[in-house]
Amino acid sequence: MTIATDSSPAGFRGWLRRVFGGPSAVYGLILYSALIAGVSDESTDSLEVLIVSFISLIIFFIAHVFAHTLSDHGDHGFWNALEGGVRESAGMLYAAIPSTLVLIAGATTHMDADDSVSLALLVATLVLGVLGYSAYARRGAGRFVRIVGAIGTAVLGFAIMILNYAVH
């Protein structure tokens, strides 16, 4: 097993970078947002949107871990491949936390479902912007490029959410 050197910072900042800086966080956030948008309609409440969307995200997470484990277990053994799959895919779940908290707040305060869904999607779009800003910052880009990159990431992510929702 080849171990790559990791130049990310140690401690909490390093953990944040590893969990939220990877492709699984972006993928999971866009997928979760599309699920939220797809589940929501006139007859659903915030709790139903939360339950169906989150269970669907868990199923996609398990599929992601399964695919990673299946493709790596021949080289690294089952348990190492499974652990690597969980570690690689964890960003899918972590990135969903802010939108999930919004849906929980909507369900517990009896906020209108349309409002909580809209707010959850707005939060997801803002998180995508933060991920974009962070990615450009890691590349050493100036503040202007970071801001443009954050806006571009948020807009592109939102467009992908809409396309995914429209297809499904």
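Visitor: What makes the contact of Arg 87 with Glu 83 a salt bridge?

Guide: In this predicted model, the closest N and O atoms of Arg 87 and Glu 83 are 2.4 Å apart. The cut-off between a side-chain nitrogen of Lys or Arg and a carboxyl oxygen of Asp or Glu is 4 Å, and 2.4 Å is within it, so the pair counts as a salt bridge. By this rule the count comes to one salt bridge. In general, side chains of opposite charge can pair when their charged atoms come close.

Visitor: Where do Arg 87 and Glu 83 lie?

Guide: Both are in helix 4, residues 78-94. They are four residues apart, which is about one turn of the helix.

Visitor: Why is Arg 87 called exposed, and why is Glu 83 called partly exposed?

Guide: Exposed means over 50% relative accessible area. Arg 87 has 51%, so Arg 87 is exposed. Glu 83 has 42%. That value falls between the 20% and 50% limits, so Glu 83 counts as partly exposed.

Visitor: Which residues make up the patch of negative charge on the surface?

Guide: Asp 41, Glu 42, Asp 45, Glu 48, Asp 112, Asp 114 and Asp 115 gather there. Like charges are joined within 9 Å, and a member needs over 30% relative accessible area and no salt bridge. Glu 48, in helix 3 (residues 46-76), has 36% relative accessibility and counts as partly exposed. Since 36% is over 30%, Glu 48 passes the accessibility condition.

Visitor: Is Thr 44 buried or exposed?

Guide: Thr 44 has a relative accessible area of 8%. Buried means under 20%, so Thr 44 is buried. Thr 44 sits in the loop between helix 2 and helix 3. From Thr 44 to Asp 114 the C-alpha distance is 9.0 Å, although 70 residues separate the two in sequence.

Visitor: What makes the surface group with Leu 101 a nonpolar patch?

Guide: Phe 12, Trp 15, Leu 16, Tyr 94, Ile 97, Leu 101 and Ile 104 form this patch, with about 620 Å² of accessible area together. Nonpolar side chains are joined within 5 Å, again with over 30% relative accessible area required. Leu 101, found in helix 5, has 52% relative accessibility and counts as exposed. Because 52% is over 30%, Leu 101 passes that condition. Helix 1 and helix 5 each supply at least two residues of the patch.

Visitor: Which residues have the most contacts inside the largest nonpolar core?

Guide: They are Leu 29, Tyr 32, Ile 36, Leu 57 and Leu 103, in a core of 28 residues. The elements giving two or more residues to this core are helix 1 (11-20), helix 2 (23-39), helix 3, helix 5 (97-108) and helix 6 (113-138). Helix 2 gives the largest share, nine residues. In soluble globular proteins, nonpolar side chains tend to be buried together.

Visitor: What makes the phi of His 110 worth a note?

Guide: Phi of His 110 is near 60°, a positive value in a residue other than glycine. Most residues other than glycine have a negative phi. His 110 is found in the loop between helix 5 and helix 6. Its relative accessible area is 71%, over the 50% limit, so His 110 is exposed.

Visitor: Why does Gly 74 count as exposed?

Guide: Gly 74 has 67% relative accessibility, over the 50% limit, so Gly 74 counts as exposed. Gly 74 is found in helix 3. The C-alpha atoms of Gly 74 and Ala 37 are separated by 38 Å, with the two residues 37 apart along the chain.

How values were computed
Residues are numbered from 1 along each chain as its sequence is written. This is a predicted model: local features need pLDDT of at least 70, side-chain atom pairs count only at pLDDT 80 or more; totals for chains, interfaces and linings use all residues. Side-chain values use heavy atoms; hydrogens and water are left out. Accessible areas come from the Shrake-Rupley method with a 1.4 Å probe; for residues, only the protein chains shown count as cover. Lys and Arg count as positive and Asp and Glu as negative; His and the chain ends are not counted. The place of a charge is taken as NZ of Lys, CZ of Arg, CG of Asp or CD of Glu. Buried means under 20% relative accessible area, exposed over 50%, partly exposed in between (1.4 Å probe, protein chains only). A nonpolar core is a set of buried Ala, Val, Leu, Ile, Met, Phe, Trp, Tyr and Cys residues joined through side-chain atoms within 4.5 Å.
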